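Trainee: I would like to learn how to read a structure like this one. Could we go through it together, feature by feature?

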Amino acid sequence: MDKTTIQLTIPNSDLSMLKKLIAGMGWSMSILTKKKKSGIEKGLEDIEKGNVFHAENSADLVKQILG
């Protein structure tokens, strides 16, 4: 029997219905986990959100961190 693999993106609320359909048709299913974000991706998101701070020197940096 020939097989085709597909990837679907569906709302979590529809997952139970999809599982029932798959079981009824005798198909198989595997759930892919989300890819972890790399450090550079997290950093770029911080820049986009404006979560970037500037320090004039190391003393200023320590003052900002410790308050």
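Trainee: Which side chain does Glu45 meet in a salt bridge?

Mentor: The partner is Lys37, with 2.5 Å from N to O. Lys37 has a relative accessible area of 45%, so Lys37 is partly exposed too. The count of salt bridges comes to two.

Trainee: Which residues form a salt bridge at 3.5 Å?

Mentor: That one joins the side chains of Lys35 and Glu41. Read each end by its accessibility: Lys35 is exposed, at 67%, whereas Glu41 is partly exposed, at 29%.

Trainee: What about nonpolar side chains: which of them form a patch on the surface?

Mentor: Ile40, Leu44, Ile47 and Val52 do, with about 390 Å² of accessible area together. Take Ile40 as an example: this residue is found in helix H2, and its relative accessibility of 62% makes Ile40 count as exposed.

Trainee: How many helices and strands does the protein have?

Mentor: There are three helices and zero strands, so reading from the N terminus gives α-α-α.

Trainee: Why does helix H3 lie largely in the open?

Mentor: Count the buried residues in the helix. H3 covers residues 58–66, and none of these nine residues is buried, so H3 lies largely in the open. At the start, a side-chain oxygen of Asn57 comes within 3.2 Å of the backbone nitrogen of Ala59. After H3 comes Gly67, with a positive phi near 90°.

Trainee: What is the radius of gyration of the protein, and what would a compact globule have?

Mentor: The protein has 23 Å, but a compact globule of 67 residues would have a value near 11 Å. Its C-alpha trace spans about 70 × 25 × 20 Å along the principal axes. Buried residues make up 3% of the 67 residues. The protein exposes about 6,900 Å², and carbon and sulfur atoms supply 58% of that area.

Trainee: What is the mean pLDDT of the protein?

Mentor: Here is the general idea: where pLDDT is low, the predicted coordinates should not be read in detail. In this model the mean is 90, and 100% of the residues reach 70 or more.

Terms used:
Residues are numbered from 1 along each chain as its sequence is written. This is a predicted model: local features need pLDDT of at least 70, side-chain atom pairs count only at pLDDT 80 or more; totals for chains, interfaces and linings use all residues. Side-chain values use heavy atoms; hydrogens and water are left out. Buried means under 20% relative accessible area, exposed over 50%, partly exposed in between (1.4 Å probe, protein chains only). Helices (H or I, at least four residues) and strands (E, at least two) are DSSP runs, numbered from the N terminus. A polar contact is a pair of N or O atoms within 3.5 Å; within protein, one must be able to donate a hydrogen and the other to accept it, and residues adjacent in sequence count only if both atoms are side-chain atoms. pLDDT is the predictor's confidence in each residue, from 0 to 100. Patches are made of residues with over 30% relative accessible area and no salt bridge: like charges are joined within 9 Å, nonpolar side chains (Val, Leu, Ile, Met, Phe, Trp, Tyr) within 5 Å. Accessible areas come from the Shrake-Rupley method with a 1.4 Å probe; for residues, only the protein chains shown count as cover. A salt bridge is a side-chain nitrogen of Lys or Arg within 4 Å of a carboxyl oxygen of Asp or Glu. The radius of gyration is taken over C-alpha atoms; the globule rule is 2.2 Å times the number of residues to the power 0.38.
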